[in-house]
Amino acid sequence: MPGTTAGTGPLSRETVDTVVIGGGAAGLNGALMLARSRRSVVVVDSGTPRNTPAEGVHGLLGLDGVPPAELYARGREEVRRYGGVLVPGEVLSAEPAEPAGSGDPRFTVTLADGRTLTARRLLVATGLRDVLPDVPGLAEHWGRSVVHCPYCHGWEVRDEPVGVLAAGPASLHHALLFRQLTEDLVYFTRGTGLDADTRARFDARGIRVVDTPVEQVVQDSDGGIAGVRLTDGQVEARRVLAVATSMRARAEGLAGLGLPMEDLPEEMGRRFTTDAAGATGVPGVWVAGNAADPTAQVGASAAAGALAGARINADLATADTDAALAAAGTGTAAA
């Protein structure tokens, strides 16, 4: 893409094959597949991946424990190696534009600094935002002493005194998963209520239930968590708190695309709806990663990005062939 720079100055005025919105695992792997297929691809990356606070990525074969920043730096270099372009910035808007004469889709992507890109296809890989319960002192420890995923962080908090802060129906199963990792588990109901059967199941697993409302998280002298203060003044000593967050796809700037979304069951959040390969109900737009599958870990998100990238390339190949055939019939050059 002659004339394109990585974050400064004007972007290329040429129409690129694909703009990828989001530079996490899904976006970078999708861009890698496209760039390796000799497609012109631009990744717009706000630099705020969901797992930034985490010390390492876990459950990723061959890279277990790699710091998120290192993983994404490697990914960006790999995309650049095949001619992909990385643009730091935020997307202000993404909207359909006038299609090509052949009917091939076009999209206009406007960045927060006013620069624009025109693309034939879009891959949305914006990830999600975790919404935490409104408990004073909780958010400050997110990603360290406050965790959400037993597979991402469970081994690291094994055998610690863990507290599960109930946030909805999903918290019940959450408690059973963390019980696998520690024998010292307290379930704070936070007014959600537990039926007799669930209490019996928790009791059978040695999970202690606390019904007194939670007032705040108490910090220790080392900056970690010392426990949870209840409204009666008692402090339940805990070193780790587990929360089943509400996971909401990042959709800022994408309203103009009209992408279908749906609420997740059990108050788990909201996601973009796609088929198994990431295609949406809007021709020319794919979604991959946590924006479509909030429960996907890094490896699954990367795989979803790779699949979406391959499908986008296949769609472009069909469109290129259709345009070439039409041009051959009229004796004109394909656009």
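Predicted model: local features only at pLDDT ≥ 70, side-chain atom pairs only at ≥ 80, totals over all residues.
Helix packing comes first, and helix 1 is a handy place to start. Two packed helices are described by the angle between their axes and the distance between those axes. For helix 1 (residues 25-36) and helix 2 (residues 68-81), the axes come within 9 Å and cross at roughly 20°. Angles under 35 degrees count as roughly parallel, so helix 1 runs roughly parallel to helix 2. The crossing of this pair is left-handed. On the helix 1 side, the contact is made by A25, L28, A31, L32 and A35, and helix 2 brings in Y72, G75, R76, E78 and V79. Sorted by class, the residues of this contact come out as 7 nonpolar, 1 polar and 2 charged.

Helix 1 also packs against helix 6 (residues 298-330). Here the angle is about 35°, with the axes 7 Å apart. The crossing of helix 1 with helix 6 is right-handed, whereas that of helix 1 with helix 2 is left-handed. From helix 1, the residues involved are A25, A26, N29, G30, M33 and L34. They meet V298, S301, A302, A303, G305, A306, G309, A310, I312 and N313 of helix 6. This contact has 10 nonpolar and 6 polar residues, and no charged ones. A25 turns up in the contact with helix 2 and again in the one with helix 6.

A further pair is made up of helix 4 (residues 170-179) and helix 5 (residues 196-204). Their axes come within 11 Å and cross at roughly 10°, which makes helix 4 roughly parallel to helix 5. Helix 4 supplies L172, A175 and L176 to the contact, and helix 5 supplies T198, R201 and F202. By class, that gives 4 nonpolar residues, 1 polar and 1 charged.

Now for the pocket. The second largest pocket in the model has a volume of about 360 Å³. Its lining is made up of 15 residues, and the ones nearest the centre of the pocket are E55, G143, R144, E156 and V157. The lining divides evenly by class, with 5 nonpolar, 5 polar and 5 charged residues.

How values were computed: Residues numbered from 1 in each chain as written. Heavy atoms only, no water. Axes fitted to C-alpha atoms, helices over the stretch in contact; angles between N-to-C directions. Helix = DSSP H or I, 4+ residues; strand = E, 2+ residues; numbered from the N terminus. Parallel < 35°, antiparallel > 145°, perpendicular 65-115°, else oblique. Left-handed = near helix turned anticlockwise from the far one by under 90°. Contact = heavy atoms within 4.5 Å. Nonpolar A, V, L, I, M, F, W, Y, C, P; charged D, E, K, R; others polar. 1 Å grid on protein atoms, 1.4 Å probe; cavity = no way out; pocket = protein on both sides within 12 Å on 5 of 7 lines; lining within 4 Å. Points joined across faces, edges and corners; volume = space filled by probe spheres on them.
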